[in-house]
Amino acid sequence: MAAVSSALAIGCDSRKPAEEAAAGKPDAAAPAASTGAPEVRKAAAIQGDDRFAAQIAANLPRVPDPAIQVPAGGGAGAELDNDTFRDRTVAFVRQVAAGGDKVTCDLSLSSKRPFRAVVMGFQEGKQIARGEASDAGLCVALKEAARRAVAAAGGAREALAGARLVVELPDHHESMIESVERKGKGLELTQGLVPVRALDKALLAKRIEDGKGYLLRVIDPTHKGVHKYYHAPADRFEDELHTIYTASTALTLLKLHAYKPDPRLLRTATEAAGFVMGMQSHETRDRTAGAYFYAFDLERKRPERRLVVGTASKSIFTLIELYNVTKEKKYLESAVLAADWLISMQRPDGSVRSALVGQEGGAWKVQGKESTLYTGQVLSALSRTYRATNNKRYLDAAAQTADFLLARIVKKGCFLGDEYRKPNPISSSWAVQSLLDFAKASGDQRVEQTVFRCADDLVKRQWRRPEDAYRYGRWQRSLSSSGSGWLAEVMSEVHHHCRTKGMAGCDRYKDAVVAAIRQILQYTYGPESSFMLKNPKAAAGGVFWSVRDRYVRTDSVCHAMNAYLNMFGELGDGPLLTLPERPLAERMALAAEATSAGAADAGVAEEDGEESDEPAAGQSGPKGDDPEE
C-alpha cells in the first residue's frame, strides 16, 4: 500500500510542511513506489508491527474465529468483475469484524501464489487498526487479517464498527476502500487515490459547488485575507494571510459570480480585494509604491517585508476584473499603481527582477534571479493593464518582455526553465499564457502563432495512457495538483482564443483540459477520499497537493475552479471521458506467478528520475518563488 502508507506517514502528522521536510520527508521528486513493491511492503509491515503488534498479541485470543461457509454456485471457476469483487471483499471483512460464529465467503479466486491480505481501519483521520495474514485461500487470508485488525483495535466486537475499512492484497496488486456513500461496498484505490474513471458534466457541476464552499471557508473572517495552506489532516490553517492567494481567490469568486450570479460572491470578492489593496505600499521615498506586501503575519499583526512581482501581477489580474464588474475606479487605480512598480522591476532586456526583500535598518535588497514564472506574470499583467487603460506605456513595457520571452523560445524551444528550475511545463505554460495576453493586447500575429505552437508542444507532453488512471491527464515534470490545475486553466484560455479566431482543431485543447480535470478530481476532498482527515466537512472541495502531501494549497483550488468554469459551457451533457479498468484476472495476475516486475501497470510508479517543478511546501527555492507567486 505504497501511497497510503506514505500518506499516513505525512498526512496524519500535524506538523507544518516545512517541518515535515526538516523531519526527513521523502523528496517530492522521488518516485512513488508501486503497489506491492518489495521495499514498500517491508516498510508497511514494519510500521504495522511496530504500532499494533502488542495489541494483536494481547487481544487476538478473544476475537471470534468464525467458520467459513461457501454459498452454492460460489466455488472455483466462478467469474467476478472488479466492482463485485471489491464489494464482496469488503462485505466479507465486515462479517468477520462483526464477530459472528459463521461467515459466508463468495470470493472464488484461485492463484498460483498465496494471497497476502492487509486490513486497516481508519476513524476520524487516524489509523486505528492493521492486520495482516497470508494463505493459499483468499477467504482464509482475509478472515485472519480481519481478526488481527479487530485485535489491533482493542478486540471488542464493535472495535471496527465506526471505522472505515481499507483492504489490500499487495502481492496481487489490489487495493480498495470501503465506500461512504455505499456502506459495506468497496471502491478502487490507486496509489492512495480513489480514481475517477468516468467524468460527466453533472460531476463537474457538483465539484464546482464544493470548490466554491471551500474558497468561502478559507477566507479569514476578520481580515478578509486568505490562507495559503490548509493542513487538512490536522484541520488547521497556517498563521499567515497571503496577498496573492487572496487575489486569486477573489478572481475565482468573480468567475463563480459570472457563472451563477450571487450577491454574496461579489461582496466577498470586494472584501478580499480590500485586503489586497490594504497590503499595497504607497511609499514613494523608497520607490516601493505600488507593490503589495507578500503576506500578513497574524501573530505579529504586521505585513512581511517582501515585495514580489508575482504578487503584484496576480493582484492586477483581480483588480482589473473587479473594475470591469463594478466600474469602481479605486480598483483600476490600485492596478495601475502596481503596473508602474512592475515597470520599475524590469531590466532593459525585458527580463524581470523577482522581488524586493526588506533588510535590517529599512533598506531593500533586490532578488534578481530570473524566473520564467515571474517574467510571464509581469507580461500578462502589463498586457492586461494596457487593455484596461489604453495607455501605450504599458504596451511598450509589455513588448520588451514579450521580445525577451520570444528570443528565449527561439533559442531554447517551447519547453522552458529558468535560474530556479530545469525546463518544466509550468514555466512553459506561463510563457504561453503571457504571450497570449500580449497577443490579445497587441494583435501581433507572430506572437499568436508562437502561442499555438508552444501550446501544442505542451499538449504532446500530457500523460494520456488510458490504462494509467493514476497519471492520466497529468503533465510530466508537474507532480502537484496546482500544476495540473494551472495547465488546465491555460489550455482552457488557449481553447477559447482558438475558437474566437475561428481556427480548426481547437478540440485538441479542450480534450487536454478534460483529461486534466479528471485527474484533478482525484485530488479533490469529498466523502470517499477523506478517510485520513480529522474534519472531512472542512476539507470538502479542497484540492490536496499530492498523494504524499495531503494539505490543500489555495491556488490548487483556484486554478482547478478557473479551468472548470472556463470550460463548463463548452461541454456536452453526455460522458466526457471514460477510463475502463482492466479485467480482474488480468489485473491481479491470477493466471500466472505474480511478480513486482510483471505487474507494472497494476500500481504505476512515478517516472524514474522525474523532477517536480513545484516542490512541496518548505522545499521550494527562495520564499515567494513558486508557481503561484
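Biologist: Is the crossing of α12 and α14 left-handed or right-handed?

Modeller: The crossing of α12 and α14 is left-handed, meaning that the near helix is turned anticlockwise from the far one by less than a right angle. This is a predicted model, in which local features need pLDDT of at least 70, side-chain atom pairs count only at pLDDT 80 or more, and totals for chains, interfaces and linings use all residues. Residues are numbered from 1 along each chain as its sequence is written, and side-chain values use heavy atoms, leaving out hydrogens and water.

Helix α12 covers residues 392-412 and helix α14 residues 445-460; a helix here is a DSSP run (H or I) of at least four residues, numbered from the N terminus. Their axes (lines fitted to C-alpha atoms over the stretch in contact) lie 12 Å apart, and the packing angle is about 50 degrees.

Another helix, α4, takes up residues 82-98, a run of 17 residues. From first C-alpha to last, α4 reaches 25 Å, close to the expected 24 Å (1.5 Å times one less than its number of residues). At its start, a side-chain oxygen of Asp81 comes to within 3.3 Å of the backbone nitrogen of Asp83. Among the buried residues of α4 are Phe85, Arg86, Asp87, Val90 and Phe92 (under 20% relative accessible area, 1.4 Å probe, protein chains only). Just after α4, Gly99 adopts a positive phi of about 85 degrees.

Technical notes
Helices (H or I, at least four residues) and strands (E, at least two) are DSSP runs, numbered from the N terminus. Buried means under 20% relative accessible area, exposed over 50%, partly exposed in between (1.4 Å probe, protein chains only). A polar contact is a pair of N or O atoms within 3.5 Å; within protein, one must be able to donate a hydrogen and the other to accept it, and residues adjacent in sequence count only if both atoms are side-chain atoms. Axes are lines fitted to C-alpha atoms, for helices over the stretch in contact, and angles run from 0 to 180 degrees between N-to-C directions.
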